[in-house]
Amino acid sequence: NWTPNAFINENIEKIRKQVGNQKVLLGLSGGVDSSVTAVLLYKTIGNQLLPIFVDTGLMRYKEAERVKQTFSAYPDLNIRYVDASKTFISKLKGITDPETKRKIIGNTFIEVFEKIAGEYEEVHFLAQGTLYPDVIESATFTGMTAKIKSHHNVGGLPEKMNLALIEPLRELFKDEVREVGTLLGLPESIIQRHPFPGPGLAVRIIGEVNAEKVRLLQLADEIFISELQKNGLYNTTWQAFAVLLPIRTVGVMGDERSYDQVCALRAVDSIDGMTANFTQLPMWFLQKVANRICNEVKGISRVVYDISSKPPATIEWE
Ligand code: XMP
């Protein structure tokens, strides 16, 4: 019988044995998984843990500021904030293939971490909040054949890496991680957060990524998410986000013809992300969000709602 309590106790032992008195780098994104990993590790090894927040420039609207704000309640964690957005965006220049994007982002993450690791003595470990579904869908272990996507937490990492991985949540599903996090005392605002993919907005901008597209998508996504929150719908859907499409369509703005981009909204009901149904959001709500996006985000003039389920469509568009 799985209980969060037993899980925490067992893992504290395991991690202590594995790590000894060495230092452990941790990629903290501010999401549920990495935040729970951080607090669990801190409880276990204290300041041997070095949590690093890497701003990839591919994160949600004002994410770095928000993470700083949330974790100001945890000053002992000593989080280091690194802005690597220019590096990530420039490495993605000209890249349109989804798997290539994931590989580039995974590699860049490791480059950033190895550089930071080099500044400390005795860092041999990198901790990540990888979950069981990430492992399965990346199918990196024997017995699995079809690879769906190389989730950068798992299959997207370079084979040659100087840091050994510590992934205490590797056998858990999201709902179990939320239970562990609650027991560890993390706030609701983190526990109830929707999942967000490691490669971030790069896999929600179909086609080539650049800073301007990231900016447009952040604005549209923020309108969608904040309206879900305002209308009491955020916690009733498993995950929701906007996607920026690489096409333009014709519209009218006042008396003029416009030729602007299209944004798709996606919201799904799911238990573990392995299968999903699109969320039946009320029409009045979708209309309100679509109106706001078209009125407030210059450059987007059409909004569509994705009504596909998984399978066959994955949750993310790439
Ligand atoms: P898909 O698109 O595979 O998504 O149906 C299932 C869940 O996994 C998230 N996802 C990722 N998470 N790295 C991650 O850490 C990734 O590369 C990645 N791709 C998808 C997705 O947001 C959804 O919750």
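## Helix 7

In helix 7 (residues 174-183), the buried residues are K174, V177, R178, V180 and G181. A residue is called buried if 20 or more other C-beta atoms lie within 10 Å of its own, exposed if 12 or fewer do, and partly exposed in between, with C-beta atoms placed from the backbone. Helices (H or I, at least four residues) and strands (E, at least two) are DSSP runs, numbered from the N terminus. Looking down the axis of helix 7, the buried residues fall within an arc of 160 degrees, so they line one face of the helix. This arc is that of the directions from the helix axis to the C-beta atoms.

The buried residues of helix 7 pack against helix 1, helix 2 (32-45) and helix 8 (188-191). Contact here means that the C-beta atoms of two residues, placed from the backbone, lie within 7 Å. Just after helix 7 comes G185, with a positive phi of about 85 degrees.

## The model and its numbering

This is a predicted model, in which local features need pLDDT of at least 70 and side-chain atom pairs count only at pLDDT 80 or more, while totals for chains, interfaces and linings use all residues. Residues are numbered from 1 along each chain as its sequence is written.

Across the boundary, 13 residues of domain 1 are in contact with 14 residues of domain 2. The side of domain 1 that touches domain 2 is made up of seven nonpolar, three polar and three charged residues. In this count Ala, Val, Leu, Ile, Met, Phe, Trp, Tyr, Cys and Pro are nonpolar, Asp, Glu, Lys and Arg are charged, and the others, Gly among them, are polar.

The largest nonpolar core has 72 residues, and V24, L25, L26, A220 and I293 touch the most other members. Domain 1 (4-191) and domain 2 (204-305) both give residues to this core, so it lies between them. A nonpolar core is a set of buried Ala, Val, Leu, Ile, Met, Phe, Trp, Tyr and Cys residues joined through C-beta atoms within 7 Å.

## L26 and I52

Leaving aside neighbours within four places in sequence, L26 is in contact with T37, A38, L41, L49, L50, P51, I52 and A127. With 17 C-beta neighbours inside 10 Å, I52 counts as partly exposed.

Residues up to four places away in sequence not counted, I52 touches L25, L26, G27, L28, R80, V82, F113 and I116. From I52 to E10 there are 42 residues in sequence and 25 Å in space, C-alpha to C-alpha.

Helix 1 (residues 4-19) has 16 residues and reaches 22 Å from its first C-alpha to its last, close to the 22 Å expected at 1.5 Å a residue. The expected span is 1.5 Å times one less than the number of residues in the helix. K17 has its place in helix 1, and counts as exposed with 8 C-beta neighbours inside 10 Å. K17 and G94 are 77 residues apart along the chain, and their C-alpha atoms are separated by 45 Å. Just after helix 1, G20 takes a positive phi of about 60 degrees.

Helix 9 (residues 211-230) has 20 residues, which should span 28 Å at 1.5 Å a residue; the end C-alpha atoms are 28 Å apart, in agreement. Buried residues of helix 9 include V214, L217, A220, F224 and L228, and also K213 and D221. The elements that the buried residues of helix 9 pack against are strand 6 (239-253), strand 7 (256-269), helix 10 (283-296) and strand 9. G232 follows helix 9 and has a positive phi, near 65 degrees.

K62 has a phi near 55 degrees and lies in the loop between strand 2 (49-55) and helix 3 (63-71). K62 is exposed, with 11 other C-beta atoms within 10 Å. N78, not a glycine either, has a positive phi of about 55 degrees. The loop between helix 3 and strand 3 (80-83) holds N78, which counts as exposed with 11 C-beta neighbours inside 10 Å.

Two cis peptide bonds are found in the model, one joining K310 and P311 with omega about -10 degrees, and one joining P311 and P312 with omega about 5 degrees. P311 is in the segment after strand 9 (300-305), and P312 is found in the segment after strand 9 as well.

Methods:
Domain bounds come from an automatic or database domain assignment.
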